[in-house]
Amino acid sequence: MNTCYLIGIGMGNPDTLTVGAARKLKTCGLLIGARRMLEAFPDHPGQKLALIRAEDIADAVRSYDGDCAVLLSGDPGFYSGAAKLYDLLHDVRVETLPGISSLNYFCARLQIPWQDVKLVSVHGREANAVGEIQSHEKTFLLTGSNCTAGDLCALLTRMGLGHVLVHVGQRLSYAEEQIITGTAAELAGRDFESLSVMLVENPAPTGWKQGAPCLWDSRFIRGKTPMTKENIRTLAVARLAVRPDSTVWDVGAGTGSVSAACAMAAWKGQVWAVEKEPEALELMARNKEALGLVNLQIVPGEAPAVLAGLPKPDCLFIGGSSGSMAEIFRAALDQNPTVRICLTAVSLESLTDGLACMEQFGMVHVDITQITAAQSKTLGRYHMMMGQNPVWILSGEGGA
């Protein structure tokens with residue numbers, strides 16, 4: 001039976017091809033891959049076919065009567081086209097020969113161990129790179145034209161991470177290889193090749209990884225806009241069961257206190273904060289910048305009208321509905337029938353509306369909690385407990 005070899009050719013320089021892979025290449029009568037990869041083997045006597053699409057490569061493999069090799073950059077197990085080829089070539093005998101990845105090559109050049117490095121790619125894909133860097137001591141990134149190293153350093157600087165140490169690698173393994181090191185602020189906006197790699201060292205990563213993060217009221221810029229207090233906020237985020245990769249809607253976000261807590265909990269995800277009041281929107285933007293929450297997206301406007309263009313929510317928090325609670329429930333459930341919903345109510349009318357919606361839309365695992373909290377205030381040498389209004393917290397999830 002003929003064999004298709006998926007061969008990682010390393011950085012492109014033949015020196016990064018393993019001896020075993022080089023030996024196997026000599027036995028293959030057909031080489032398939034991107035043109036720049038085929039050009040690395042000018043002396044190979046076999047047929048060469050320049051293809052990129054996985055479907056075209058799979059068709060060519062099946063059409064060839066003999067052993068063939070598909071050339072893949074770096075290591076086929078590291079952000080490679082091999083993943084799709086495994087599915088397409090399920091009926092073909094496939095053998096994978098890993099190469100030297102940009103990750104292990106770059107870390108070796110920097111003399112930095114990489115067993116604890118967080119791996120991220122922004123090459124042609126969406127990723128919350130700032131959130132990952134904010135949350136890990138070491139982060140390795142593949143960049144692309146959609147997000148260059150200079151772009152990312154500028155974003156890190158805007159989000160209060162200009163101090164982190166950044167290593168940028170260009171043309172790795174070639175004679176013109178460059179490795180540039182500096183803080184994000186020093187490298188912000190510089191021109192780097194789109195296909196570069198980065199290793200970012202953050203000496204003080206954030207501590208939240210699971211559950212509701214600690215975010216005290218004193219950290220917020222306050223105005224006249226009402227704000228969900230920390231005692232309520234912490235339980236509400238826990239009731240939402242926000243995961244690191246969750247997509248969260250916060251409707252009636254106010255100053256953005258719940259949005260900010262959710263953005264910390266969903267540090268790999270996205271939070272969409274909907275608010276109609278100009279003063280609240282301004283405060284929320286200032287808090288977002290002060291807390292460095294790049295995954296918090298502010299949506300001006302009134303629900304449910306502005307919800308139609310938002311991505312499917314895993315969680316919905318309703319801090320204010322302006323009389324449209326049922327429509328907001330429906331908008332979220334239409335996109336995700338099992339969405340988890342949490343709302344707070346300070347009036348009996350809002351409580352009644354919330355309960356009615358939970359029943360109307362067949363929510364399951366419904367929980368109702370009333371909290372009455374008191375916060376201390378220092379008066380001279382005394383600490384006086386200042387009572388807060390009682391708040392109901394309602395939560396449940398779609399039963400579909």
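Colleague: What should I know about the model before we start?

Modeller: This is a predicted model, so local features need pLDDT of at least 70 and side-chain atom pairs count only at pLDDT 80 or more, while totals for chains, interfaces and linings use all residues. Residues are numbered from 1 along each chain as its sequence is written, and side-chain values use heavy atoms, with hydrogens and water left out.

Colleague: Why is Ser102 called buried?

Modeller: Buried means under 20% relative accessible area, exposed means over 50%, and partly exposed is in between (1.4 Å probe, protein chains only). Ser102 has 13% relative accessibility, so Ser102 counts as buried.

Colleague: Where does Ser102 lie, and which residues does Ser102 touch?

Modeller: Ser102 is in helix α5. Helices (H or I, at least four residues) and strands (E, at least two) are DSSP runs, numbered from the N terminus. Leaving aside residues up to four places away in sequence, Ser102 touches Met11, Phe78, Phe140, Leu142, Leu172 and Val197. Contact means heavy atoms within 4.5 Å. Ser102 and Phe78 are 24 residues apart along the chain, and their C-alpha atoms are separated by 9.0 Å.

Colleague: Which residues of α5 are buried, and what do they pack against?

Modeller: Helix α5 covers residues 102-110, and its buried residues are Ser102, Leu103, Tyr105, Phe106, Cys107 and Leu110. They pack against β6 (118-121), β7 (138-142), β8 (165-170), β9 (178-183) and β10 (197-201). Gln111 follows α5, with a positive phi near 60°.

Colleague: What makes Phe78 and Tyr79 an edge-to-face pair?

Modeller: Rings of Phe, Tyr and Trp (its six-membered ring) pair if their centres lie within 6.5 Å; planes under 30 degrees apart count as stacked, over 60 as edge-to-face and the rest as tilted. A search of the whole structure finds three aromatic pairs. In one of them, Phe78 and Tyr79 lie 5.2 Å centre to centre with 70° between the planes, which is edge-to-face.

Colleague: Are these two residues buried or partly exposed?

Modeller: Phe78 has a relative accessible area of 13%, so Phe78 is buried. Tyr79 has 37%, so Tyr79 is partly exposed.

Colleague: Why is the pair of Phe78 and Phe140 called tilted?

Modeller: Their centres are 6.0 Å apart and the planes make 50°, hence tilted. Phe78 lies in the loop between β4 and α4 (82-88) and Phe140 in strand β7, so this pair ties together parts 62 residues apart in sequence. Phe140 is buried, as is Phe78. Ring pairs link Phe78, Tyr79 and Phe140 into a cluster.

Colleague: How do you know that strand β2 pairs with β3 and β4?

Modeller: Two strands pair if DSSP finds at least two bridges between them. Four bridges join β2 to β3 (residues 47-50), and the two run parallel. Three bridges join β2 to β4 (residues 68-72), also in the parallel sense. Ile32 has Leu49 as its bridge partner in β3, and Leu30 stands opposite Cys68 in β4.

Colleague: What makes both faces of β2 covered?

Modeller: In β2 (residues 30-33), Leu30 and Ile32 are buried on one side, and Leu31 and Gly33 are buried on the other.

Colleague: Why is Arg171 called partly exposed, but Ser173 buried?

Modeller: Arg171 has 32% relative accessibility, so Arg171 counts as partly exposed. Ser173 has a relative accessible area of 10%, so Ser173 is buried. Arg171 is in the loop between β8 and β9, and Ser173 lies in the loop between β8 and β9 too. Neither is a glycine, yet phi is positive: near 50° for Arg171 and about 80° for Ser173.

Colleague: Which peptide bond is cis?

Modeller: The bond joining Ala303 and Pro304 is cis, with omega about 10°. Pro304 sits in the loop between β13 (296-300) and β14.

Colleague: Which residues of α12 are buried, and what covers them?

Modeller: In helix α12 (residues 325-335), Met325, Ile328, Phe329, Ala331, Ala332 and Leu333 are buried. Their cover includes β11 (247-251), β14 (315-318), β15 (340-345) and α13 (348-360).
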